[in-house]
Amino acid sequence: MKHLIAITGVTFLLFSCGNQPEKEVVETQEEKAPTTLVLTDEQYKNTGIQLGKPEMKHISSTIKVNGKIDVPPQNMVSVSIPLGGYLKSTQLLPGMHISKGEVLAVMEDQQYIQLQQDFLTAKAQFSLVESEYERQKELNQNKATSDKVYEQANAAYQTQHILIKSLEQKLRLIGLNPDKITADNISRSINVYSPINGYVSAVNVNIGKYVNPSDVLFELVNPTDIHLNLSIFEKDLDKVAIGQKLFAYTNTNPEKKYVCEIILISKNVENDNAAEVHCHFEQYDKNLLPGMFMNAEIELTKNEVAALPEDAIVRYGNKHYVFVEKGDKTFEMTEIQIGGTENGFTEIINASASEKVVIKGAYTLLMALKNTEE
């Protein structure tokens, strides 16, 4: 906007001078190329042109790439119920944050009652079996009973002990503590607890639905290891390294930059001649979700290059130009190739370091030149 205001004002001044009889106009000589502009003393003074030469500056070049947010398999959790059951209640919604140990849902089924009953019955029978085993053991030591009777008592004791231990593990598998189960607190429902700190990425069930052991109720994501998966072309792979920093941003909010660090570079180049590069966020933002598309700029090593101030470079027709001084108040619009930009200076790839160029007022000359051509 500042360029546009300056261009409009000075261009008006230049062409208003053209109505005066003293020929204070921008003269374009027919024998010269249409890219050449000649100014009078008055025009030169009014435009406020400043000249300069390319300077040697340390400018970082950057690689612009894109990718998406990803989560490693070990940080994605699918929650299911080993014994199945009916979903009695849940408050979960996709995107909700959850804490480890928090109740995700309450399940209900008669098999939970049966399992607790079997456990308590086995414990009650174990007391009888254990007493008989101890009695037969003592009798056998005193040679008051046969070895066969003692072995039968021992087998019954071991069998009942194994049964109790297996039932204990089944109870723990559905979140029940066998040490706290008594005949007075048998429950028909169980709680489903969160195994991680994170957030809910998917809810696949509704209240009242019966779920099988193979069904996934909820999908959870642990964001502590969330990372950015970038695609970098084969020609640029040798320019990046593990530990290198980069800046990532979304399309919706390109002004907000996220600092990332490269942690892994794939050794496999895909069919699109690109390889995957995995990066960690230095500070995770909970608004960054798996699958979200992101852009990134990887800053390469700073090199000393010939550079000009950004105001010296004009863009016209998708190309970049500078105005080179060719004589007294005579300037030629010359196409150039540019590189990276840093601290107000842009790398000039094919410009002569010995020629003077317009470093202030270049857009004014561009407007004057194009208006004159018309």
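Predicted model: local features only at pLDDT ≥ 70, side-chain atom pairs only at ≥ 80, totals over all residues.
Hello everyone, and thanks for coming.

Residues are numbered from 1 along each chain as its sequence is written, and side-chain values use heavy atoms, with hydrogens and water left out.

First, the overview. The protein chain has five helices and 22 strands; these are DSSP runs, numbered from the N terminus, with helices being H or I of at least four residues and strands being E of at least two. Of its 374 residues, 38% are buried. By buried I mean under 20% relative accessible area, with exposed being over 50% and partly exposed in between, using a 1.4 Å probe and protein chains only. The accessible surface comes to about 21,700 Å², and 49% of that belongs to carbon and sulfur atoms; the areas come from the Shrake-Rupley method with a 1.4 Å probe, and for residues only the protein chains shown count as cover. Among contacts with a separation of 6 or more, 71% are between residues 24 or more positions apart.

Now to helix α4, residues 147–173. How does its span compare with 1.5 Å a residue? Its 27 residues should span 39 Å, and the end C-alpha atoms are 39 Å apart, which agrees. The expected span here is 1.5 Å times one less than the number of residues. The buried residues in α4 are Y150, A153, N154, Y157, Q160, I164, L167, E168 and L171. As a reminder, an α-helix has 3.6 residues a turn, so residues three or four places apart point the same way. And what do the buried residues of α4 pack against? They pack against α3, residues 110–141. Just after α4, G175 takes a positive phi of about 90°.

That brings us to the cores. A nonpolar core is a set of buried Ala, Val, Leu, Ile, Met, Phe, Trp, Tyr and Cys residues joined through side-chain atoms within 4.5 Å. The largest one has 33 residues, and those with the most contacts inside it are I98, L104, M107, L217, F218 and L220. At least two residues each come from β7 (103–108), α3, α4, β8 (189–193) and β11. Helix α3 gives the largest share, eight residues. If you click on M107, you'll find that, beyond four places in sequence, its contacts include I81, Y86, L87, Y112, I190, V192, V211 and L217. There is also a second, separate core of 27 residues, including L230, L237, L246 and C260.

On to the sheets. Two strands pair if DSSP finds at least two bridges between them. Five bridges join β7 to β8, and E108 has S189 in β8 as its bridge partner.

A further open sheet of four strands runs β4-β11-β9-β6, again antiparallel. Its edge strands are β4 (76–79) and β6 (97–98). Inside it, four bridges join β9 (198–203) to β11 (218–221), and V200 stands opposite L220 in β11.

Next, strand β19, residues 330–336. It pairs antiparallel with β1 (36–38) over three bridges, and V38 has T330 as its bridge partner. Strand β18 (319–327) also pairs antiparallel with β19, over seven bridges, and G327 stands opposite T330. The hairpin of β18 and β19 has two residues between the strands, and K329 there takes a positive phi near 60°.

E55 lies in strand β3, residues 55–70. Is E55 buried or partly exposed? E55 is partly exposed, because its relative accessible area is 36%. Beyond four places in sequence, E55 is in contact with V305, A306, A307 and F345. N229, in strand β12 (227–233), counts as buried, because its relative accessibility is 11%. Its contacts beyond four places in sequence are G67, K68, D70, E276, V277 and H278.

Conventions
Contact = heavy atoms within 4.5 Å.
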